[in-house]
Amino acid sequence: MAKTIRDMRPVYVIGIGLDRYQRYSERSYIEFGLIAIRAALADAGIPWPEIESFYLGTAMMGMAPGRAMIKHLGATGIPITQVENASASGSTSFRQACLDVASGLTDISMAAGVDKPALIPQADGGSPGDLIGKMLAPVHHFALLADQYREQYGVTPEQLAAVAVKNHCNGSKNPFAQRQKVRTLEEVKAPPYLSGPLNRLHCCPIGEGAAAVIVASEDAMERLKLSAERSIRVMASASRSERLYEPGENWDVALTRETTEQAYREAGITADQLDVVELHDAFTIEEIIYTEAMGLSEKGKGGRDIAAGDFDIGGRCALSPSGGLLSMGHPIGPTGVGQIAEVVRQLRGEAGNRQQPGAKTGLAHMVGVGAVCLVHILQRT
Amino acid sequence: MKKPLFKTDNGTLLLLGTECKSCRHRWFPALSFGCERCGAYGEELIDKEFRGTGRLLSRVEVAEGTSNFTLAMIRLDDGPVLGCIIEDPDTPSAGDLLEAFGTTIDGKPGIRFRRVDG
């Protein structure tokens, strides 16, 4: 019978590190990738030679960027794997690192993400396409979704904008966020619009950056005398792809719902036990629909609940305390890894003025074009 | 910022690389991300100038479009192994001593290698 990650050896996140997400620069990806990796090693208190396998989430760097980067830590000969899963590349690299430790293949593994903006098109599958195929950029897809949601549930422009106001406010407190400016409701609602009611503050920025996390077994933690208090257990790792859903069911919602439900089962928790959630809020409407898909709000009520402050830091569950993709940014490869870093920071109680009080259980959610979805649940044990 | 590959000092051509103070590993070109042998970085890495002489390890004749050239791997007398292009009327053999010389490549200063007699 197939196993879940919780059926195997316990896996703990023992180190996290980031380099600030930012606009495109002349900096080499190696430079900021190493900053994030060295920060994670320092956070864990272990040297590079202890890492036994390395997974690099990257969607834009092309062939073989991993070894070119990590050899500068000392070439130890460990297995290196690049992971491309669109926006979920980093989340998938984290999952692979967890599976190495959980299965016993390694005692300590690292998942990192690094990317610089580039024009890399999605793979061409040879389809003749449809009438609008190449014109349906993500911003238009989600603007259409926002319109559909408005028709169905009556979400107001203020409720949609409230997502951006909250997340930009959270990002303003995050030294690793690409956008660190508080935004007013008026700014978020103002033209020019990119598509429908969505202006640029409703959309995540394009940028570059790096993030790294280290996962370890209990054996490694004991051998290295690592702090159990700062080690956060990975309770679930769910990974699914889009399938054919029931007629009328929105696939964005269905994919997240199925993946999250699987993660809840694996972790043995329910939605109301979540204290912090980092989700794929590349566009404001996404935070609303995924909040509902995860069971945090009733259908049609996500916009209302967010605008009412339910999901502010200090609310019943903090959504996007890092600032989310909207404000922290979405450099792609690093994003999912950066989410894990934020959840870990929250569960350790080390998030400073972004801290969700008493956070014990967190969830990280990413989707990738295609589509795929990954959900991880972590818990302070 | 990328560092230059070479410089000329009183007519002597020097290749610019890096040395790790921790383990003495040397490499060309100059890169300061970290030592591939021991992982040291930051102030442990220093700029190093290498003499432009070394022994030929291997070579291959390349025909690319209308241009033909000799590509080679050499081990510098000062340590690093690097790839280079040989310009020499007589084809050197493995073990031959080679030296770098300055020339103009596509309108810019560049380096080629040739055999040293004797």
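Reader: Leaving aside neighbours within four places in sequence, which residues is Ser195(A) in contact with, and what makes that a contact?

Author: Ser195(A) is in contact with Val139(A), His140(A) and Ala143(A); the term means that heavy atoms lie within 4.5 Å. This is a predicted model, where local features need pLDDT of at least 70, side-chain atom pairs count only at pLDDT 80 or more, and totals for chains, interfaces and linings use all residues. Residues are numbered from 1 along each chain as its sequence is written, chains are lettered from A and ligands numbered from 1 in the order in which they are written, and side-chain values use heavy atoms, leaving out hydrogens and water.

Reader: Why does Ser195(A) count as buried?

Author: Its relative accessibility is 12%. Buried means under 20%, exposed over 50%, and partly exposed in between (1.4 Å probe, protein chains only), so Ser195(A) at 12% is buried.

Reader: What makes the pair of Ser195(A) and His140(A) a polar contact?

Author: Their side chains come to 2.9 Å. The rule asks for N or O atoms within 3.5 Å, one able to donate a hydrogen and the other to accept it within protein; residues adjacent in sequence count only if both atoms are side-chain atoms. The pair is therefore a polar contact.

Reader: Why is the link of Arg67(A) with Glu36(B) called a salt bridge?

Author: The closest N and O atoms are 2.6 Å apart. A side-chain nitrogen of Lys or Arg must be within 4 Å of a carboxyl oxygen of Asp or Glu, so this pair is a salt bridge. Across the interface of chain A and chain B the rule finds one.
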